[in-house]
Amino acid sequence: MSKVVFVHGVGKQYLSEDSLARDVVPELQGGTRLAGGPVPSSDNVGVAFYGDLFRPRGTRAGAEFPYDEGDVDDDAEFALLMEWWAEAARTDPSVPDPAATGTRGPVGWTASRALRLNAVRAALDALTGARYLRGVLDRALIGSLKQMTGYFGDEEIRRAAQDQLAARITPRTQVVVAHSLGSVIAYETLCDPRRNGDWDIRMLVTLGSPLGMRALVLDRLEPAPENRQAVWPKPVRAWTNIADDTDIVAVVRELGPAFGNGVRDVAVNNGSHMHDATRYLTAVETGRAILTGLLPGTGTV
């Protein structure tokens, strides 16, 4: 019966609801403390966990499946990887511009596996060399790609992830905080009329959200946008979208133009960990947004 429900992003398949809560609940509480409190108790903060849906079943691959450039074989995965590379080049001078390298735009991408493999290899090298992704392995980056695109491609996972969140939201829930892919899951769940009849969400907080990416995310949402305008989730009174300017996952950082004037877009600085959920949660801007949902009229975001 939590007042605040947090929805995680990609890469959590080897965690559990309990282990994730040990990390994110104190950080969420810390953000609200920095914003002036009062701090929600641990009993009032719940975690909607869906990471296990992406855990490989019955394999002996170790901690991470040994992906390499040959495993980026889906058009959506390839397109998302190239978007990430272009965005990394825009925000980090040390990352080569894909257009300048000659690997962005050839018609042969779709016709030649060799050209595509070369482009994927160049993108992975560029991204893992970015200042905020150093130390990230190829297989982890590809795994994140596959989870981001797999949500839309696997209807069973899509519904199960929404079920996990819906089970956590009750008439007592006032704030939903959603990171990365979790923001997509939160949006679709909150829009579902079969679920949301008695929900009253005073504040939706999205962190590092990819929702604004037109072809890869926005145009694939349920419900579909109407005349290029996304549907507002009926139970949500207010929405604060928070993004770091170097967050390559949040390629479109302002969601207001696509989702309406009810969205307030806020910028934060997460330092060298641009997409890290805990950095977002400890930001005073996030704390203020959560407090606004818990105590309507007592603060501004």
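**View 1. Asp244 sits across from Val268 in strand E6.** Strands E5 and E6 run parallel and are joined by six bridges; strands here are DSSP runs of E with at least two residues, helices are runs of H or I with at least four, and both are numbered from the N terminus. This is a predicted model, where local features need pLDDT of at least 70, side-chain atom pairs count only at pLDDT 80 or more, and totals for chains, interfaces and linings use all residues. Residues are numbered from 1 along each chain as its sequence is written, and side-chain values use heavy atoms, with hydrogens and water left out.

**View 2. Strand E5 is mostly covered.** Six of its six residues are buried, meaning under 20% relative accessible area with a 1.4 Å probe, protein chains only. Trp239, Asn241 and Ala243 point one way, while Thr240, Ile242 and Asp244 point the other. On the E4 side, Leu207 stands opposite Ile242, and four bridges link E4 to E5 in parallel.

**View 3. Now the whole open sheet: six strands, ordered E2-E1-E3-E4-E5-E6, with parallel pairing.** Two strands count as a pair if DSSP finds at least two bridges between them. E2 (45-48) and E6 (263-268) are the edge strands with a single partner each, so one side of each has no neighbour in the sheet.

**View 4. Helix H8 (residues 181-191) packs on the sheet.** H8 touches E1, E3, E4 (203-207) and E5 (239-244), where contact means heavy atoms within 4.5 Å. Its direction makes about 140° with that of E3; axes are lines fitted to C-alpha atoms, for helices over the stretch in contact, and angles run from 0 to 180 degrees between N-to-C directions.

Technical notes: Buried means under 20% relative accessible area, exposed over 50%, partly exposed in between (1.4 Å probe, protein chains only).
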